[in-house]
Amino acid sequence: MRITVDLKKCNDHGQCVFSAPAVFSLDEDGKLSFRREAADTYASGDLDESLRDDVEEAADACPLQAILVEG
Amino acid sequence: MRVVVAGAGMAGLRSAEAIRKAGFDGEITVVGAEPHMPYNRPPLSKDAIGASFDQAQLPFRIGKAAAGVSWRLGTPAVAADLAARTVTLADGAVLEWAGLVAATGTRSRRLSLPGPLAGRHAIRTLDDMDALRKDLNLARRIVVIGAGFIGCEVAAAARAGGMEVTVVEPEPLPMRRPLGDELAAALLRRHEAHGVRFRLGAAPIVFEGDGRVRAVTLTDGTTLDADLVIESVGSIPNTEWLDGNGLDLAAGVACDERLHVLAAGGTGRGDIVAAGDAARFPHPLLPGEPRRIEHWAVAADTGRHAGAALARHLSGGDPAAGPAFTAVPAFWSDQHGLRIQSFGVTGSGGASVLEGDLDGDVAVGYERDSRLVGVTLVGLGGRYAHYRAQITDTISALAPASSACA
């Protein structure tokens, strides 16, 4: 399982952080921390299957629907 | 075995997914009034007046969890017989079910006033937006009726688009009930600084114009010129299809704390759950009567919770053993480039500034019985996690012992 986050869509609402804190985090300015790693699209490596429920909930909870769960 | 989900909005979609994820392998049929697959509504009020609006971005992805779900769109449920376990659709079809989800949402309340109808709009559905965007090209002066969050978002968006905007609101301040007087007054100042005009303490009584709205006359006798009127004056839960079954449908579908619908006599029915804007439920943060909470996040959260509760019943589990719904209610609003984030139950009781100042970035807390029950942040997204944890603590402290682990 992998995720991609469309950082152009993302508006840093942070709802994903509460659904899947092991995957998503905000920096101290309230910006999604993946912004330090990518400009337009963040693509994760392979995530452990045990995170699936949390990650799917995060994708649902995103107001901008910017998170895609694949695999 | 079939589950019928009445309502094809986000709550209906999330409940269907949750039922499937819980292992239910029978038929799931979602019926909806609108002809569209489930779509995301917040951009309608936040972006649709702006040039950046992209309708193609609105539909939700239909993932594996909703594979094999049947969609009957444009044919809403119009009646239900809960004793016989049937739902009747607008096209006359009668569907039998073993489990039912009531997720029919709300519709916009409209003003019943003399005058032309053309040029008056509500903002809730894609079809509303299509109608609005056709009229927008001609509009220079917009009158927004109602200064709740939707009205204020639309006003800000229209102002950003260069239109003259006047907001009419009977209350003395915009967004007063959800935010409290002091923060509402501060946001009023910000709107006015961006050129939005307000007529507070006033209400419309007549729409003027010959075939199309040209002006609005108010209770104070003054008249506002208007090329376009947007009515954002509240919502009405779509519960008429459940009439005649002895349910408590006053201001929404009454549920127990697990989102099972209360049958006559007041006990939850295992085979019927409710979710989304139409559901009225108790919550640890809400004293007294169950209430509807019409936030985007709550529609998703109740959808998932209700779907899991129904699946538990259908697989032979004891509905009364399921967890209570205790998710943190949360919403956000974007106005004039400001990010407003609220969570918990805001506006009630004592409000105080937790940090910052009201005319800049600020955190406002709302207390009841000396407990922090809600927080609103303006421009302080970096403090969201800090304050949200405090609301989670309050929920844990107030939740009935039997559901404290939910």
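Select strands β23 (residues 338-344) and β26 (residues 371-378) of chain B: the two pair in the antiparallel sense over five bridges. The model is a predicted one.

Now widen the selection to the whole sheet. β23 and β26 belong to an open sheet of five strands in chain B, ordered β22-β23-β26-β25-β24, with antiparallel pairing. Which strands stand at the edges? They are β22 (330-335) and β24 (350-356) of chain B; each has a single partner strand, so one side of each is left without a neighbour in the sheet. Look across the strands as well: neighbours in this sheet are turned by 20° against each other on average, direction ignored.

Next, show both chains and go to where they meet. The contact takes 14 residues from chain A and 13 residues from chain B. On the chain B side, select α7 (296-314) and α8 (384-398), the elements that give two or more residues to the side touching chain A. Colour that side by class and you will find eight nonpolar, three polar and two charged residues.

The last stop is helix α2 (residues 52-61) of chain A. Its buried residues are A:Val55, A:Glu56, A:Ala58, A:Ala59, A:Asp60 and A:Ala61. What do the buried residues of α2(A) pack against? Within chain A, select β1 (2-6), α1 (15-19) and β3 (67-70).

Key: Residues are numbered from 1 along each chain as its sequence is written. Chains are lettered from A and ligands numbered from 1 in the order in which they are written. This is a predicted model: local features need pLDDT of at least 70, side-chain atom pairs count only at pLDDT 80 or more; totals for chains, interfaces and linings use all residues. Two residues are in contact if their C-beta atoms, placed from the backbone, lie within 7 Å. Helices (H or I, at least four residues) and strands (E, at least two) are DSSP runs, numbered from the N terminus. Ala, Val, Leu, Ile, Met, Phe, Trp, Tyr, Cys and Pro count as nonpolar, Asp, Glu, Lys and Arg as charged, and the others, Gly among them, as polar. A residue is buried if 20 or more other C-beta atoms lie within 10 Å of its own, exposed if 12 or fewer, and partly exposed in between; C-beta atoms are placed from the backbone. Two strands pair if DSSP finds at least two bridges between them. Axes are lines fitted to C-alpha atoms, for helices over the stretch in contact, and angles run from 0 to 180 degrees between N-to-C directions.
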